[in-house]
Amino acid sequence: MAAAAELSLLEKSLGLSKGNKYSAQGERQIPVLQTNNGPSLTGLTTIAAHLVKQANKEYLLGSTAEEKAIVQQWLEYRVTQIDGHASKNDIHTLLKDLNSYLEDKVYLTGYNFTLADILLYYGLHRFIVDLTVQEKEKYLNVSRWFCHIQHYPGIRQHLSNVVFIKNRLYTNSH
């Protein structure tokens, strides 16, 4: 999914009226937002943070200094690791690491839903939708987190619903 499309989804999920104009620059199609009253903003995470502030939902950026740092860390991870990798091996390595990280967490920051969850969900959707039942079971923590985020009000929108089977079929998946 193109970053501009993701930003439009984010706008809608934040309850902002559409009206922002996005373009993309360069070979990597980096999103650009032309603001009404200032310079243009460049980059997925910069624009996403701006939209969150526009919607007066700063809590999505983290409520403590530590949580804000964790949100920034995951936003950076999204752009540098997920957007930069398309091979199946890369994705399986990322999912394995993310699965370990989520072992004792509900959300990426622990117990609070943030912008990091939204943008990681959007970034991973194209990969998770193609996983087999066995692969989803191999990454149980990622599957649990992903399923939870896709059912969060207003987040999934037109993206396809990814089905997760509640009963484990393969007991030797670890």
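A salt bridge is here a side-chain nitrogen of Lys or Arg within 4 Å of a carboxyl oxygen of Asp or Glu, and by that criterion Arg78 pairs with Asp83, the closest N and O atoms being 2.7 Å apart. The structure is a predicted model, in which local features need a pLDDT of at least 70, side-chain atom pairs count only at pLDDT 80 or more, and totals for chains, interfaces and linings use all residues. Residues are numbered from 1 along each chain as its sequence is written, and side-chain values use heavy atoms, with hydrogens and water left out.

**Confidence**

- The protein chain averages a pLDDT (the predictor's confidence in each residue, from 0 to 100) of 90, and 94% of the residues score at least 70.
- Confidence is lowest in strand β1 (residues 22-25), with a mean of 86, and highest in helix α7 (residues 140-150), with 97; helices (H or I, at least four residues) and strands (E, at least two) are DSSP runs, numbered from the N terminus.

**Salt bridges**

- The structure holds three salt bridges, and Glu6, Arg78 and Asp83 are linked in a network of them.
- Arg78 forms a salt bridge with Glu6, with the closest N and O atoms 2.7 Å apart; because Arg78 lies in helix α3 (residues 65-82) and Glu6 in helix α1 (residues 3-13), the pair ties together parts that are 72 residues apart in sequence.
- Both Arg78 and Glu6 are buried, where buried means under 20% relative accessible area, exposed means over 50%, and partly exposed lies in between (1.4 Å probe, protein chains only).
- The relative accessible area of Arg78 is 3%, whereas Asp83 is partly exposed at 31%.
- Lys105 and Asp104 meet through their side chains in a salt bridge of 2.9 Å, N to O, and Asp104 counts as exposed at 55% relative accessibility.

**A buried lysine without a salt bridge**

- Lys136, which lies in helix α6 (residues 133-138), is buried yet has no salt bridge, and the nearest side chain of opposite charge, that of Glu135, is 8.4 Å away; for charge, Lys and Arg count as positive and Asp and Glu as negative, while His and the chain ends are not counted.
- With residues up to four places away in sequence set aside, Lys136 touches Ile128, Leu131, Ser143, Val162, Val163 and Phe164, contact being defined as heavy atoms within 4.5 Å.

**The sheet**

- Three strands form an open sheet in the order β1-β2-β3, with antiparallel pairing, and two strands are taken to pair if DSSP finds at least two bridges between them.
- Since β1 and β3 stand at the edges, each with a single partner strand, one side of each is left without a neighbour in the sheet.
- β1 is joined to strand β2 (residues 30-33) by four bridges, and the bridge partner of Gln25 in β2 is Ile30.
- The hairpin of β1 and β2 has four residues between the strands, and within this hairpin Gly26 takes a positive phi near 80°.
- Two bridges join β2 to β3, and the bridge partner of Val32 in β3 is Thr42.
- Leu41 has its place in strand β3 (residues 41-42) and touches Pro31, Val32, Leu33, Thr35, Ile47 and His50, not counting residues up to four places away in sequence.

- Leaving aside neighbours within four places in sequence, Leu115 is in contact with Leu10, Ala48, Ala49, Val52, Leu60, Leu61 and Leu75.
- The buried residues of α1 are Ala3, Glu6, Leu7, Leu9, Leu10, Glu11 and Ser13, and they pack against β1, β2, α2, α3 and α5.
- Just after α1, Gly15 takes a positive phi of about 80°.
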